[in-house]
Amino acid sequence: MGSEIDEGTEPVPTTDERSAADRSNAAETVAGMVAGTVAILGRPNVGKSTLLNQIVGQKLAIVSPKPQTTRNRIVGVWNGPAGQIVFVDTPGVHSARGALNRFMVDEALGAIEGVDAALLVVEPPQSSAAVKIASAERQILDALRTAGTPVVLAINKVDTVKDKPSLFPILKGWEEISNFSALVPVSARKGSGVAGLVKELCKLLPPGPPLYAADMLTDRTERFLAAELIREQLFLSLRQELPYATAVVIDNWEERPDKNDVVIDASIVVERDSQKSIVLGKGGTMIKDIGTRARAEVSTLLDRPAHLRLFVKVAPEWTSSPQSIARLGYDR
Ligand SMILES: Nc1nc2c(ncn2[C@@H]2O[C@H](COP(=O)(O)OP(=O)(O)OP(=O)(O)O)[C@@H](O)[C@H]2O)c(=O)[nH]1
Ligand SMILES: [Mg+2]
């Protein structure tokens with residue numbers, strides 16, 4: 001996303017860039033192994049990104065307690081004894097207002113095209129009331145039915161359910177709503193139920209050689225993932241509506257092989273001057289804190305020290321304009 005300066009950024013290779021050797025090696029996989037793509041879908045905040053990270057065993061997608069954190073599709077690859085699953089994390093489906101929100105919902109529903117299976121993630125209902133399907137789930141299930149895609153339902157956050165038998169009527173309620181291939185209670189945060197969930201998904205995938213080379217975890221570049229980690233800190237630090245007015249663009253990426261580190265210049269884009277003041281904070285304290293926490297996350301991601309230089313820029317009403325959102329990386 002963002003600027004054209006790409007020196008020093010190591011892209012994580014995409015499927016199309018795999019060498020012929022990779023492909024022929026892949027074709028020699030053990031008979032009976034499966035390979036396929038699975039879209040992770042659901043309302044905002046149900047834990048889709050947490051689940052992706054838990055399954056692949058690495059933090060690829062950013063997570064926050066605020067809804068609508070994820071804005072782009074992000075691939076995460078699971079390799080196991082049964083084969084390979086290429087998961088696609090997606091933004092939460094919601095009633096979209098404005099160009100950015102429309103992009104997010106299109107990004108989610110557009111992921112249905114061409115996947116072998118879908119994983120619909122929901123939360124247990126807040127009270128013991130009967131399961132009621134909301135418009136987001138209805139929209140997703142309708143699109144999946146039209147596409148003829150098999151669906152596994154994951155009821156996430158079961159660690160918050162103290163009375164486990166109360167899950168039975170919830171499972172039954174969902175069973176009556178749609179013809180799921182399987183219904184699996186999980187805790188994406190704790191990892192419980194996740195292995196069983198992956199097993200159910202494998203049953204829906206065709207046999208075949210892996211789609212991605214074994215050492216490829218995602219289709220995203222380090223540059224994209226670093227920008228996301230900065231955006232995650234904005235979601236965690238800023239209150240109310242302000243995170244929704246922010247975007248992060250990497251302006252420059254300088255590898256320093258002599259020091260084995262990287263210097264990254266990034267702009268935090270907001271919509272108004274008043275928002276810029278809040279992001280900076282009194283005496284620059286807010287941006288300093290955001291930078292310190294993001295730096296730690298980016299260094300972990302890159303496995304080498306990262307130095308961040310953050311700037312705040314104003315792009316009036318950027319979330320409302322298709323051209324502006326595209327310029328900030330929200331296009332396909
Ligand atoms: N207790 C509990 N919390 C969870 C679990 N999974 C996710 N969460 C929390 O739920 C919140 C949302 O998680 P995300 O993974 O960002 O949810 P998402 O569905 O990707 O959200 P969007 O990207 O906004 O659509 C975060 O605060 C997570 O820590 C879980 O299994 N148990
Ligand atoms: Mg997410």
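In what order do the 6 strands of the open sheet stand? The order is β2-β3-β1-β4-β5-β6, and the pairing is mixed. Strands are DSSP runs of E with at least two residues, helices are runs of H or I with at least four, and both are numbered from the N terminus. Two strands pair if DSSP finds at least two bridges between them.

The model is predicted: local features need pLDDT of at least 70, side-chain atom pairs count only at pLDDT 80 or more, and totals for chains, interfaces and linings use all residues. Residues are numbered from 1 along each chain as its sequence is written, while chains are lettered from A and ligands numbered from 1 in the order in which they are written.

The domain assignment of the protein chain gives domain 1 (15–202) and domain 2 (222–327). Such bounds come from an automatic or database domain assignment. The centres of the two domains, taken over C-alpha atoms, are 28 Å apart. At their boundary, 10 residues of domain 1 are in contact with 14 residues of domain 2. Contact here requires C-beta atoms, placed from the backbone, within 7 Å. The side of domain 1 that touches domain 2 has 5 nonpolar, 4 polar and 1 charged residues. In this classification, Ala, Val, Leu, Ile, Met, Phe, Trp, Tyr, Cys and Pro are nonpolar; Asp, Glu, Lys and Arg are charged; the others, Gly among them, are polar.

Axes are lines fitted to C-alpha atoms, for helices over the stretch in contact, and angles run from 0 to 180 degrees between N-to-C directions. Helix α2 packs on this sheet and touches β1, β2, β3, β4 and β5. The direction of α2 makes about 35° with that of β2. Strands β5 and β6 run parallel and are joined by 4 bridges. I155 stands opposite P185 in β6. Helix α5 (residues 167–177) lies across β5 and β6, at about 150° to β6.

Helix α2 is mostly covered, with 8 of its 9 residues buried. A residue is buried if 20 or more other C-beta atoms lie within 10 Å of its own, exposed if 12 or fewer, and partly exposed in between, with C-beta atoms placed from the backbone. The buried residues are K48, S49, L51, L52, N53, Q54, I55 and V56. Their cover includes β1 (34–42), β2 (74–80), β3 (83–89), β4 (117–122), β5 (151–155) and α6 (194–202). After α2 comes G57, which has a positive phi near 75°.

The same helix α2 (residues 48–56) gives the largest share of the shell around ligand 1, 3 residues. In total, 24 residues surround ligand 1. A residue is near the ligand if its C-beta atom, placed from the backbone, lies within 6 Å. The closest are G47, S49, T70, G92 and R189. By class, the shell has 7 nonpolar, 13 polar and 4 charged residues.

M104 is found in helix α3 (residues 99–110). M104 is buried, because 24 other C-beta atoms lie within 10 Å. Leaving aside its neighbours within four places in sequence, M104 is in contact with Q68, R71, P91 and A96. M104 and V93 are 11 residues apart along the chain, and their C-alpha atoms are separated by 7.7 Å.

A further open sheet has 3 strands in the order β7-β8-β9, with mixed pairing. Its edge strands, β7 and β9, each pair on one side only. The twist averages 15° from one strand to the next. Helix α7 (residues 222–237) packs on the sheet, touching β7 and β8, and its direction makes about 130° with that of β7. Helix α8 (residues 273–280) also packs on the sheet. This helix touches β8 and β9, and its direction makes about 155° with that of β9.

Strand β7 (residues 247–256) runs antiparallel to β8, with 9 bridges. A247 stands opposite V269 in β8, and I250 has A266 as its bridge partner. The β7–β8 hairpin has 4 residues between the strands, and N260 there takes a positive phi near 50°. β8 pairs with strand β9 (residues 306–314) in the parallel sense over 9 bridges. In β9, L310 is the bridge partner of A266. Strand β8 (residues 261–270) has 7 of its 10 residues buried, so it is largely enclosed by the rest of the structure.

Conventions:
Contact = placed C-beta atoms within 7 Å.
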